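Q: Please take one part of this structure and go through it closely. Keep it simple, and take it step by step.

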Amino acid sequence: MSKIVELQKQLSPLLRAGDLGQCERTLTKQLAALPPSPFHVILDLSITTDPKAVAAWFDEFFQKQRLRFTIDAAYTEMNGFCINPDLWFCDAFAYKRYGGHDDYDWLSGWQSEDSGSMVIEGLESLQRVYASDAFRDKRFSDACDVTDLLVVIKFQDLIRRSVPHIQAMRFPLLATAHDYDFIYEARPDA
């Protein structure tokens with residue numbers, strides 16, 4: 001089992017309970033225990049995108065989609081960041097029906113129009129690491145795997161911090177990065 005799959009399995013109960021802080025602390029501890037690598041730069045980084053700006057972006061998107069149908073669930077996905085280091089961003093999707101966590105196939109069948117993208121800022125020095133030879137260097141593969149999941153958790157935490165400011169949200173909002181089934185669910189009443 002790969003390091004990243006093992007970590008996702010270990011952290012899934014915490015993620016499902018919404019304890020992103022403990023997820024991040026666990027991953028930070030794991031990364032700090034590994035030999036130094038260029039990926040360790042994440043230990044000193046935070047996403048600086050303003051949660052209120054993210055909330056305003058979601059509000060605009062949700063309000064437009066509500067004119068077309070009743071939203072029962074939403075999903076946001078960070079782009080495939082490790083293979084697209086130039087720009088990190090997320091997109092949003094809205095659904096007529098919430099499909100739960102048993103099978104995520106429903107996430108590929110959104111009913112919304114294009115949301116445009118919200119740029120994720122603050123991790124630019126890590127983006128440069130992903131763009132460098134370090135990304136393909138086998139010596140750093142464990143550090144890269146842990147960092148991958150840390151990026152996802154930091155993105156999910158941005159969503160968690162944004163939700164209290166989203167006025168048009170009356171449904172669950174799921175969040176992860178492209179190609180990850182490691183999905184956080186935020187609710188407006190949580």
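**Helix α1 and its neighbours**

A: α1 and α5 are roughly parallel to each other, because their crossing angle falls under 35 degrees. This is a predicted model. Their axes cross at roughly 30 degrees. They come within 9 Å. Here α1 covers residues 3–16, and α5 covers residues 141–162. The crossing of these two helices is right-handed.

Now look at the side that α1 gives to α5. Lys-3, Ile-4, Leu-7, Gln-8, Leu-11 and Leu-15 make the contact from α1. From α5 come Asp-142, Asp-145, Val-146, Asp-148, Leu-149 and Gln-156. By class, this contact has six nonpolar, two polar and four charged residues.

Next, turn to helix α2, residues 20–33. The axes of α1 and α2 come within 9 Å and cross at roughly 150 degrees. That angle is over 145 degrees, so α1 is roughly antiparallel to α2. This crossing is right-handed.

Which residues of α1 meet α2? They are Lys-3, Leu-7, Gln-10, Leu-11, Leu-14 and Leu-15. Their partners in α2 are Leu-20, Gln-22, Cys-23, Thr-26, Leu-27 and Gln-30. This contact divides into seven nonpolar, four polar and one charged residues.

Lys-3, Leu-7, Leu-11 and Leu-15 of α1 take part in both. Ile-4 and Gln-8 are listed in the contact with α5. Gln-10 and Leu-14 are listed in the contact with α2.

So the picture of α1 is this: it runs roughly parallel to α5 and roughly antiparallel to α2.

Note on methods:
Residues numbered from 1 in each chain as written. Predicted model: local features only at pLDDT ≥ 70, side-chain atom pairs only at ≥ 80, totals over all residues. Heavy atoms only, no water. Axes fitted to C-alpha atoms, helices over the stretch in contact; angles between N-to-C directions. Helix = DSSP H or I, 4+ residues; strand = E, 2+ residues; numbered from the N terminus. Parallel < 35°, antiparallel > 145°, perpendicular 65-115°, else oblique. Left-handed = near helix turned anticlockwise from the far one by under 90°. Contact = heavy atoms within 4.5 Å. Nonpolar A, V, L, I, M, F, W, Y, C, P; charged D, E, K, R; others polar.
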